[in-house]
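The sequence and structure are shown first, and the description follows.

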Amino acid sequence: MVPDISTGSRTYGLLAYLYGPGRRDEHTDPHIVAAWRPELAPDPGRDPAATLKQLTDRLDLPVLALPKDRRPARHVWHCPVRTAPGDRHLTDAEWSEVARRIVHATGIAEDGDDKACRWIAVRHADDHIHIAATLKREDGRSPRRHEDGIRAQSECRKIEREWGLQVLNQGDGTAARRSTSAERSKAERTGRAEPPRETLREQVRQALAGAADEDEFFRRLTEAGLRLEKRIAPSGDTIGYKVALPGDRNRDGQPVWFPGSKLAPDLSLPKIRERLEPGTDGDESAFAGHVHQSSRPARARRNTTRIAEQALTTLAGDHDGDIAAKLVGVGELLDAVAQTSPASTRRELSEAARTFERATRSHIRAEHADHGALRSAARGIVRAGNALGKGEDGGTTAMLLSTMVLVTIAAIRWHSARGHAQQAAAARQAAQHLRAAYRTAAATPMNTMYAQGRQLPAPVRDRYAHTLEGALPAQADRLLCEPGWDALVATLAQAEKAGHDAEALLQKAIESGELDTADNVTDVLVWRLSRIGELPAAPISARARTDPRLHPPQPQAPKPTTTECPARKDANSSRRPGPRR
């Protein structure tokens with residue numbers, strides 16, 4: 001059950017919408033289900049003689065009774081309340097009780113207060129009502145509605161539990177401000193995919209991702225095509241900023257501005273300055289050249305994977321301030337990866353970044369000095385430019401996403417353990433988007449490695465199976481049956497060809513981070529081996545053909561041995577499933 005409180009200035013305009021046909025003729029049988037005093041509230045939906053003007057005048061009477069200088073500019077309080085998808089349809093009597101409990105909880109009209117504000121609840125659909133009230137009491141005073149949104153949410157949670165409805169996640173006051181119903185309506189009328197507030201929030205976050213300083217942040221905003229206006233103090237110092245979308249204007253033809261603090265609590269200029277302060281663990285030298293002749297995006301992603309693995313260690317610790325800071329850095333990193341990703345993964349990564357944004361804020365204060373490395377990584381990703389969806393760019397993208405899935409799972413665990421329901425849910429959604437992006441990015445390089453691994457001679461595969469049993473004895477039987485086993489075999493062979501000790505390198509990969517939460521351990525190990533051993537992230541099939549060990553003249557499918565999965569089918573007669581995380 002979701003309440004959504006806003007205020008306005010036109011009682012008649014709101015009532016005309018509630019009793020009208022709706023934007024797509026979706027309103028049916030509009031009528032009042034509850035009111036401050038039902039006998040005084042004419043209902044145009046039930047009484048043919050009643051008019052919207054009469055109902056407006058009754059609601060506005062306490063406001064109009066005051067001198068003009070005491071009337072609030074925005075005197076209309078509007079609160080739609082909607083049940084969750086899948087919930088049963090409530091009766092009019094049940095919606096009446098919901099409305100009375102909401103106006104009581106929010107301070108609009110407490111039970112037994114005959115001087116409270118005037119209000120009505122209108123129903124024009126099966127799944128929601130609209131509560132409309134005027135913000136002057138009968139005695140001329142204003143209602144005490146401090147934190148009315150939080151109190152409405154809390155009352156809805158009580159109703160859900162009492163009535164057996166879906167219990168939604170309780171908020172903690174740290175979420176970004178939602179777009180108002182008026183903003184959503186305007187976006188629909190003007191053909192925008194979403195309200196400007198949502199678009200601006202995402203673009204401001206992307207501009208902030210890895211920005212070295214305030215000047216770079218503001219420059220990125222203008223380069224993104226946003227209108228930018230700084231607030232300048234008499235001293236000449238910048239003390240705030242606001243942004244607007246080109247073409248988004250109000251009825252007077254002026255740009256619709258949004259200060260950073262109205263987009264999200266952590267996007268105000270003071271909060272941004274805290275984040276931009278130099279960190280203690282940033283390491284720009286980590287992005288120096290690589291042994292491979294790979295592109296800048298590939299090098300940045302490869303090095304960022306190492307930093308993300310280090311963040312995993314912090315997220316598994318018990319210093320909440322450090323963890324909160326790492327999550328802020330992870331959010332920036334996702335913003336950076338999303339805006340530089342190829343078209344094949346950009347949609348999923350953009351959704352991952354957008355949903356994880358909620359997981360970066362809680363009441364636990366972040367120690368911002370502890371996310372310098374992640375901010376440096378985000379800066380390296382952005383400055384390296386857009387990645388291609390193939391070759392080393394594609395392979396290192398899969399390498400990074402494999403680790404980022406584990407990072408978001410760690411975030412889910414941390415938030416869940418501390419009762420941060422909304423943040424845990426946001427991280428869970430982000431993990432699903434990251435998994436989808438990983439499957440897309442990993443498909444080509446993993447399928448190449450599958451083919452190479454299947455064509456290795458049986459004695460070689462058997463030797464690597466024994467190596468795995470020695471390193472992970474408790475998990476070996478399961479890992480030999482994972483889809484990624486063939487790719488792991490090919491990677492170990494590639495590591496040996498590059499001069500590494502396969503057993504030692506595998507042990508190092510295992511010890512570099514936890515594996516318990518991985519959906520597919522062999523996939524994780526493939527990418528860790530590739531990073532630690534500085535192996536190509538995208539093996540080239542043509543080059544592999546010249547290696548007689550990877551491609552014998554007449555390849556024979558390896559037969560199952562005692563160390564391989566008994567259920568493994570002939571590799572040449574069955575199609576290997578795609579990579580998964």
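Of the 581 residues in the protein chain, 54% are buried (under 20% relative accessible area with a 1.4 Å probe, protein chains only; exposed is over 50%, and partly exposed lies in between). The model is predicted, so that local features need pLDDT of at least 70 and side-chain atom pairs count only at pLDDT 80 or more, while totals for chains, interfaces and linings use all residues. Residues are numbered from 1 along each chain as its sequence is written, and side-chain values use heavy atoms, with hydrogens and water left out.

The accessible surface of the protein chain is about 26,100 Å², and carbon and sulfur atoms contribute 49% of that area (Shrake-Rupley method, 1.4 Å probe). Among contacts (heavy atoms within 4.5 Å) with a separation of 6 or more, 72% join residues 24 or more positions apart. The protein chain holds 21 helices and nine strands, taken as DSSP runs (H or I, at least four residues, for helices; E, at least two, for strands) and numbered from the N terminus.

An open, antiparallel sheet is built from three strands in the order β7-β8-β9, where pairing requires at least two DSSP bridges between two strands. Strands β7 (227-232) and β9 (258-259) are the edges, each with a single partner strand, so one side of each lacks a neighbour in the sheet. Strand β8 (residues 238-244) pairs with β9 in the antiparallel sense over two bridges, and Lys242 stands opposite Pro259 in β9. Helix α6 (residues 196-208) packs on this sheet and touches β8 and β9, its direction making about 125° with that of β8.

Two packed helices are described by the angle between their axes and the distance between the axes. Axes are lines fitted to C-alpha atoms, for helices over the stretch in contact, and angles run from 0 to 180 degrees between N-to-C directions. Two helix pairs are listed below.

| Helix pair | Angle | Axis distance |
|---|---|---|
| α16 (residues 458-471) and α18 (residues 485-497) | about 100° | 10 Å |
| α15 (residues 421-454) and α20 (residues 521-532) | about 75° | 12 Å |

Helix α15 is therefore roughly perpendicular to α20 (65 to 115 degrees). Their contact involves Tyr438, Ala442, Pro445, Met446 and Met449 of α15 with Asp523, Val526 and Trp527 of α20. By class, this contact of α15 with α20 comprises seven nonpolar, no polar and one charged residues (nonpolar: Ala, Val, Leu, Ile, Met, Phe, Trp, Tyr, Cys and Pro; charged: Asp, Glu, Lys and Arg; polar: the others, Gly among them).

Helices α16 and α18 are likewise roughly perpendicular to each other. Residues of α16 in their contact include Arg461 and Tyr464, and those of α18 include Trp485 and Glu496. The contact of α16 with α18 has eight nonpolar, no polar and four charged residues.

Notes: Angles under 35 degrees count as roughly parallel, over 145 as roughly antiparallel, 65 to 115 as roughly perpendicular and the rest as oblique.
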